[in-house]
Amino acid sequence: MRRALRLLPAAWLVLLLLLPVAGWALGARQSNLENRPPTPLPDLNRGTLQREETFAQLDKALVDRLPLRQHAIEARGRLAVDLFHDSPNQDVVIGRDGWLYYRPELQACTPDFRPAADPADAAEIVARTLVASGRRAGVLVAGSKISTHPQDLRGLDDEAVRCVQRLEARIHDRLRRTPGGLDVQAPLETLERRGEPTFLRSDTHWNAAGRETFVRAVLDRIRPGLAREVGLGRGPQIDRPGDLGPFLGLERTDRDATVRTLRTPSRPFPAGDVLLVGDSQLDRSMLTQVGTASIRDRVLPGQPDCTWPQVDTGTCDTKMQRARTIVTEIVGRNVRDFVHVCWRPVSLVGGELRGGRAAAWERTDGAPQDRRAVTLGADGQALARVRTAGPDVRAVPRLLRIPLRTLPAAPAGAPPSVVGMAQEPQAGPASPCGTPAQTVEGGFLYLPVPAGRRASDLVVRLTGPAGTVVGRPEELLLDGRARVAR
């Protein structure tokens with residue numbers, strides 16, 4: 001009997017090894033788990049077999065594909081969640097009553113992910129620039145689940161949560177008061193106070209109540225009364241898989257409803273007239289198919305959409321320049337990305353603005369002064385600030401539009417010539433949405449000045465080929481009025 005007991009651990013180890021291998025031989029394969037793709041199998045050849053990292057990758061790839069792994073991960077997840085009320089994944093926080101929260105929603109308040117400029121300034125500048133170009137605009141930052149439905153939250157640092165809530169509240173407040181700003185946080189919070197959650201229990205996205213609120217605001221911004229005209233409302237109940245479940249190795253579903261429209265608009269929109277830019281909240285609310293078509297396809301057929309990575313790479317430029325109405329949405333945890341890319345919509349439509357006032361250059365690097373231009377010398381750089389003709393500080397944001405008068409051609413076989421503009425502010429953070437570089441002679445660099453900031457504080461370092469001439473800047477007020485005749 002004792003001998004049999006001593007052999008039990010060895011027998012258990014052999015069983016653990018043989019059962020997955022037998023399952024593999026019989027054709028069983030492991031499905032994707034943990035919300036990530038499986039590790040790819042390495043390329044095996046005479047060269048790679050001599051490297052240690054090849055075997056490390058092979059080990060991870062085989063483990064990802066072993067049969068029974070799904071049951072092991074699910075069992076581990078259920079033990080952690082159901083028995084110990086703990087999360088087996090550091091990115092997911094177990095709240096009260098089975099609510100799941102996504103820890104990276106705090107990242108905007110962490111040193112490594114803190115935005116380089118004020119996201120509220122960035123949102124305001126984009127909205128006001130689109131309005132100044134004569135477009136109808138709706139710039140929206142979707143509040144996080146941590147800020148919108150905090151009543152079931154636990155297990156997170158209270159100060160970090162308050163930091164995110166303060167940051168998002170400041171953005172929402174700014175957008176409420178900004179021409180072209182669009183904010184749905186107030187109606188969402190009203191629903192929450194009435195006891196109607198606006199987020200899914202096991203997901204990072206809105207539920208039907210949240211999506212309906214968002215879609216109504218977007219449609220009515222595109223055309224007042226459009227949501228009512230098309231019969232926007234909730235449809236049949238559905239079970240929706242939660243996107244946070246796979247992080248735990250579990251399948252979690254929430255009872256939800258569809259959001260749909262019953263009619264098409266009486267007056268269709270010209271093709272390309274309306275552009276929707278956003279991330280997964282916009283996609284789930286307006287672009288995902290409901291029944292036989294999405295809300296966008298029913299209400300706005302022929303209208304384009306773009307993701308923020310497409311905006312960043314310039315593949316959305318033509319759509320943005322053509323559109324007369326632009327609605328943008330980005331989730332609160334990604335405001336750092338918005339601050340990084342917001343220069344592009346400003347630069348795309350800024351050339352259409354009229355009514356600027358001439359400003360002047362002041363060199364701060366000891367070079368000879370020329371108020372009308374900055375010429376790059378042999379070292380290919382210059383340090384300068386803009387002196388406006390009027391007050392140095394204004395109550396509304398401004399754009400300093402800087403023409404590129406001369407750009408020497410690059411030598412044969414070399415990359416195209418580039419003029420860069422980097423900020424070296426004398427007080428406060430950098431201004432958001434400034435153009436980082438220009439490659440077109442006759443084009444413009446844009447330096448926004450947020451409300452309440454001194455234009456003279458925003459010293460810039462210009463770099464480029466020797467002989468580059470950056471022309472006299474002009475100041476454009478973003479006061480909520482159209483600055484172009486259409």
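Helices here are DSSP runs of H or I with at least four residues, strands are DSSP runs of E with at least two, and both are numbered from the N terminus. On that basis the protein chain has 16 helices and 19 strands. This is a predicted model, in which local features need pLDDT of at least 70, side-chain atom pairs count only at pLDDT 80 or more, and totals for chains, interfaces and linings use all residues. Residues are numbered from 1 along each chain as its sequence is written, and side-chain values use heavy atoms, with hydrogens and water left out.

Start with the whole chain. Of its 486 residues, 50% are buried, where buried means under 20% relative accessible area, exposed means over 50%, and partly exposed is in between, with a 1.4 Å probe and protein chains only. A contact means heavy atoms within 4.5 Å. Among contacts with a separation of 6 or more, 75% are between residues 24 or more positions apart.

Next, a helix pair. Two packed helices are described by the angle between their axes and the distance between the axes. The axes are lines fitted to C-alpha atoms, for helices over the stretch in contact, with angles from 0 to 180 degrees between N-to-C directions. For helix 4 (residues 119-132) and helix 6 (residues 158-176), the axes come within 9 Å and cross at roughly 20°. Angles under 35 degrees count as roughly parallel, over 145 as roughly antiparallel, 65 to 115 as roughly perpendicular and the rest as oblique, so helix 4 and helix 6 are roughly parallel. Helix 4 contributes Pro-119, Ala-120, Asp-121, Ala-123 and Glu-124 to the contact, and helix 6 contributes Leu-167, Arg-170, Ile-171, Arg-174 and Leu-175.

Now two residues in strands. Arg-385 sits in strand 12 (residues 381-387). Is Arg-385 buried or exposed? It counts as buried, because its relative accessibility is 15%. Its side chain makes a polar contact of 2.9 Å with the side chain of Glu-362; a polar contact is a pair of N or O atoms within 3.5 Å, and within protein one must be able to donate a hydrogen and the other to accept it, while residues adjacent in sequence count only if both atoms are side-chain atoms. A polar atom of the Arg-385 side chain also lies 2.7 Å from the backbone oxygen of Ser-456.

Thr-406 belongs to strand 13 (residues 398-406). At 33% relative accessibility, Thr-406 is partly exposed. Its C-alpha atom is 4.8 Å from that of Val-469, 63 residues away along the chain. Leaving aside residues up to four places away in sequence, Thr-406 touches Glu-441, Gly-467, Thr-468 and Val-469.
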